[in-house]
Every structure is written in structure tokens, then in C-alpha cells.
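Here are my notes on the model, as numbered points. Please read them beside the structure.

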Amino acid sequence: MIEEIEKAMILYTKGNKIKHDVAHFLKVHQYARLIGRLEHLEKREQDILEVSAIVHDIACPMCREKYGHCAGNLQEKEGPALVKEVLKGFPLDHAFVERVCYLVGHHHTYQDVNGLDYQILLEADFLVNADESNLKKEAIEKMKILGRGMKKCDISYTSSFSFDK
């Protein structure tokens with residue numbers, strides 16, 4: 001089913017900015033999958049994590065069109081409704097879809113992290129964003145030092161890194 005959800009996301013984005021959107025969610029998924037397995041998540045939590053990693057940036061194409069950019073807060077605002085639309089054709093129970101929506105609606109929020117699936121999604125997305133944004137070691141170290149004290153972290157795709165407290 002994971003591959004079918006990946007296919008659905010590729011079709012959903014219509015290959016939009018394939019060099020970024022599709023490649024990005026595939027990389028985030030791979031990191032999340034690996035970290036989740038190394039952490040020995042239960043199967044359901046692993047599945048929720050992987051689906052969340054695949055759809056976490058589902059709102060980016062729409063946000064670019066609607067707002068001219070896809071800042072993290074806009075992705076969090078617009079993403080959950082889009083997730084429900086894309087996942088409705090899959091045999092997933094309500095609680096599963098709601099948890100995926102919650103994670104997508106919070107994947108730029110670094111406070112009140114409530115679960116390993118949430119923590120791993122944040123970490124996987126951060127690792128990929130840091131690489132794609134060519135963050136300097138100092139910015140990555142700042143992230144590591146601030147860690148749980150942060151409220152919001154937004155890494156844009158233009159190599160700017162900011163903390164909103």
C-alpha cells in the first residue's frame with residue numbers, strides 16, 4: 001500500500017516541481033522509514049509514520065499557487081484537508097487518517113511532540129531540508145542545541161533558516 005500512496009502523491013502533484021516536491025517526499029519517507037525501523041516502532045505506528053512522511057508536504061503546490069510560497073505554517077493549515085482527500089481511496093481507518101492529518105498539520109511545530117512518529121517525522125524532514133537548503137553546520141548545531149525549546153522551525157527552500165518563538 002505504501003507504494004500506491006507514493007504513486008497517488010506523484011499523480012496528485014502532477015509531477016509539480018518534480019526536482020523538488022516528489023524527490024523531497026521520497027527522501028523524507030526513506031529517512032522516516034529507516035529511523036522508524038531502527039527505533040522498532042510497532043507496525044501501525046510505522047505505517048502512520050511512513051504515510052505521513054509521504055504526504056507531509058501535500059499542500060506545497062496549492063500554497064505556491066494560492067499564496068505565492070509554501071511557508072511551514074501554511075502547509076500545516078492547508079495540508080490536513082488535502083490528506084483526507086488523497087487517502088480516502090485507501091483502506092485506512094478513521095483514527096489512522098486522523099493521526100496522519102495531525103502529523104501533517106504539525107510537521108513544522110517543534111513543541112508538544114507527542115509520539116515517536118511525530119518526532120521521527122520532524123527529524124526526517126529536517127535532515128532532508130537541511131541538505132536541500134545547504135545549511136551550514138552552525139545552523140544545524142543551533143537546531144540541535146535549541147531542540148525542545150523551539151516552538152516553530154521553518155526551513156525555507158531558499159536557504160534561509162529562522163526560528164519563530
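**Notes on the model**

1. Confidence first. The protein chain averages a pLDDT of 85, and 83% of the residues score at least 70. pLDDT is the predictor's confidence in each residue, from 0 to 100. Over residues 145-165 the pLDDT is below 50. This stretch still has 51 contacts in the model beyond near neighbours in sequence (contact: heavy atoms within 4.5 Å).

2. Ground rules. This is a predicted model, where local features need pLDDT of at least 70, side-chain atom pairs count only at pLDDT 80 or more, and totals for chains, interfaces and linings use all residues. Residues are numbered from 1 along each chain as its sequence is written, and side-chain values use heavy atoms, with hydrogens and water left out.

3. Helix packing. The axes of α3 (residues 43-55) and α7 (residues 116-132) come within 9 Å and cross at roughly 35 degrees. Axes are lines fitted to C-alpha atoms over the stretch in contact, with angles from 0 to 180 degrees between N-to-C directions. Helices are DSSP runs (H or I, at least four residues), numbered from the N terminus.

4. Who touches whom? From α3 come Glu 45, Ile 48, Leu 49, Ser 52 and Ala 53. From α7 come Leu 116, Asp 117, Ile 120 and Leu 121. The contact residues divide into six nonpolar, one polar and two charged.

5. Cysteines. The whole structure has zero disulfides (cysteine sulfur atoms within 2.5 Å). For Cys 70, the nearest cysteine sulfur is that of Cys 60, 3.7 Å away. Cys 70 counts as buried at 12% relative accessibility (buried: under 20% relative accessible area, 1.4 Å probe, protein chains only). Cys 101 is buried too, at 5%.

Technical notes
Helix = DSSP H or I, 4+ residues; strand = E, 2+ residues; numbered from the N terminus. Nonpolar A, V, L, I, M, F, W, Y, C, P; charged D, E, K, R; others polar. Buried < 20%, exposed > 50% of the residue type's maximum accessible area, 1.4 Å probe, protein only.
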